[in-house]
Amino acid sequence: MSLPENGAPWPPREWSTAYREIRVDDAWYSGDRTRLADVYRHAPRREDGRRRLWARHRHHQPGQRDTRLHIPLAADIATTSADLLFSEPPVFTVDTPATQCRLDELTEAGGIANTLLEAAEVGAALGGVFLRVTWDASLVERPLLTVMHPDTAAPEFRFGMLTAVTFWRKLTGDDTTATVWRHLERHEPGRIVHGLYRGTDNQLGTRVPLTEHPATVSLVDSLGPDGDTIATGIDALTAAYVPNIRPNRRHRGSPLGRSDFQGGVHDLFDALDETWTSWLRDIRLARARLIVPDGYLRDHGPGRGASFDDDREIWQSLNIPPTEAAGITLSQFAIRVAEHQSTADAIVQQAVRSAGYSVQSFGLGDVAAATATEVTARERRSMITRDKKSRYWQAPLADMLHVLLMLDRALFTPSVVPERPRVVFGDSVSEDPQSVAQTLSLLQQAQAVSTDTKVRLLHPDWDDTAVQAEVDRILAETGQAVPDPMQAGTLD
């Protein structure tokens with residue numbers, strides 16, 4: 001299968017359900033009030049039967065504002081997921097020294113550590129993410145690892161494995177017409193096919209030459225003799241799908257991953273917003289107000305209204321009957337702080353647990369300073385979720401780094417020898433420097449540790465060469481670098 005035929009419905013019907021569910025996840029992840037109102041326009045009630053906060057379309061009077069409040073818990077969950085995976089960049093290693101050096105250059109220059117953080121956050125919110133390897137010699141002379149969102153992709157799977165994928169994007173057009181321009185980019189093993197379509201919101205429309213739109217003109221010089229295909233020079237697919245976590249509970253057997261928000265978490269988000277909206281309403285209603293008789297108001301003249309200045313210190317005599325002398329009444333309601341606080345905390349904790357994390361990862365519960373071992377014990381649920389997600393990342397990430405090296409040899413660095421890298425994820429919890437220093441100090445006082453072991457404890461990510469160089473410097477600075485007499489030949 002190549003690019004779609006003219007007039008095909010778009011997005012593709014087979015992915016319409018997945019796109020619709022991603023749209024709901026995206027609304028909560030974005031925190032956009034308009035998107036939230038749009039996605040719940042036709043689904044106004046939660047599972048418990050209550051009307052959703054963001055399904056209540058109110059007709060406001062001129063000057064009246066919408067008092068609903070949104071708490072970005074969904075974005076916090078997605079960010080925390082990404083931080084657990086890639087706050088410490090993973091280590092990529094190969095056996096050939098020259099290839100390792102080039103791989104380090106590509107990952108450093110391309111900012112791949114930041115790319116992975118972005119991809120992991122998007123994947124946690126939307127159920128998965130695509131990694132794509134591409135290049136543009138007019139920008140940089142190296143291949144690029146990029147992130148593609150799942151609601152801009154039409155993938156093809158066989159036995160759960162990605163065999164091809166068509167990425168698409170809307171292009172800017174003439175605002176005075178209903179024409180929608182789309183650029184489709186289909187990745188297959190050995191080639192990338194490009195197509196430009198002019199259609200409508202729901203129809204792909206007619207395929208036209210790439211020169212018809214300024215956003216795709218630059219692709220023409222890279223195309224092969226058939227006019228729409230770029231040969232990659234390698235047999236591998238230049239894109240990979242990384243599921244957030246499986247199985248997809250809504251669609252068992254689907255190769256797509258599931259969002260951290262799947263399984264009733266949307267309703268908890270809505271309940272949290274409703275709780276905070278009620279809390280802020282209490283605060284607004286509890287503002288002190290004075291209720292005064294009409295006679296207390298100062299008339300400003302015909303058509304100018306009347307007012308009561310509650311800051312004025314001296315008042316002239318008012319013509320008020322004696323029985324109404326105490327007519328000023330203070331109105332101030334109580335704020336139900338404890339009730340709202342406990343309700344909001346309970347909802348947050350349940351939402352976090354349903355997403356697969358420990359509440360300590362979000363600053364709740366016991367957050368006192370602790371060693372890495374203690375933190376891991378407190379956040380065991382988060383660590384289990386992190387380990388599961390890292391296994392879904394390992395294979396596709398290694399595949400794309402291998403493709404990165406193969407494209408680099410084919411297009412930019414002929415001398416490089418491509419190898420499939422090994423991916424080792426960094427520690428998600430770093431040991432407190434003070435705790436490490438105290439541990440090393442106690443071991444030193446007990447004379448139970450060597451300089452080599454101390455350096456390895458302090459720098460667990462260093463290799464043997466770096467450790468030995470640091471040991472030599474320490475021994476030289478402390479005057480302990482005494483030559484071995486057996487090696488110096490001073491003994492008979």
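**Salt bridges and selected surface residues**

A total of 17 salt bridges is counted, a salt bridge being a side-chain nitrogen of Lys or Arg within 4 Å of a carboxyl oxygen of Asp or Glu. The model is predicted, and accordingly local features need pLDDT of at least 70 and side-chain atom pairs count only at pLDDT 80 or more, whereas totals for chains, interfaces and linings use all residues. Residues are numbered from 1 along each chain as its sequence is written, and side-chain values use heavy atoms, with hydrogens and water left out.

Among these pairs, Asp267 forms a salt bridge with Arg52, for which the closest N and O atoms are 2.7 Å apart. The pair links distant parts of the chain, Asp267 being located in helix H6 (residues 265-285) and Arg52 in the loop between helix H2 (33-39) and H3, 215 residues apart; helices (H or I, at least four residues) and strands (E, at least two) are DSSP runs, numbered from the N terminus. Asp267 is buried at a relative accessible area of 15%, and Arg52 is likewise buried at 9%, where buried denotes under 20% relative accessible area, exposed over 50%, and partly exposed the range in between (1.4 Å probe, protein chains only).

A salt bridge is also formed by Asp260 and Lys389, with the closest N and O atoms 2.9 Å apart. Asp260 lies in the loop between strand E10 (239-243) and H6, while Lys389 belongs to helix H9 (residues 380-411), so the pair ties together parts that are 129 residues apart in sequence. Asp260 and Lys389 are both buried. Through salt bridges that share partners, Glu156, Arg186, Glu188 and Arg191 are joined into one network. Within this group, Arg186 pairs with Glu188 at a closest N to O separation of 2.4 Å, and both of these residues are buried.

Thr79, by contrast, is partly exposed, with a relative accessible area of 29%, and is found in helix H3 (residues 73-86). The side chain of Thr79 reaches the backbone oxygen of Ala75 at 2.9 Å. The C-alpha atoms of Thr79 and Glu121 are separated by 5.5 Å, although the two residues stand 42 residues apart along the chain.

On the surface, Ile283, Ile335 and Val337 form a nonpolar patch with about 220 Å² of accessible area together. Patches comprise residues with over 30% relative accessible area and no salt bridge, like charges being joined within 9 Å and nonpolar side chains (Val, Leu, Ile, Met, Phe, Trp, Tyr) within 5 Å; accessible areas come from the Shrake-Rupley method with a 1.4 Å probe, and for residues only the protein chains shown count as cover. Val337 is found in helix H7 (residues 337-355) and counts as partly exposed at 42% relative accessibility.

Definitions and conventions: A polar contact is a pair of N or O atoms within 3.5 Å; within protein, one must be able to donate a hydrogen and the other to accept it, and residues adjacent in sequence count only if both atoms are side-chain atoms.
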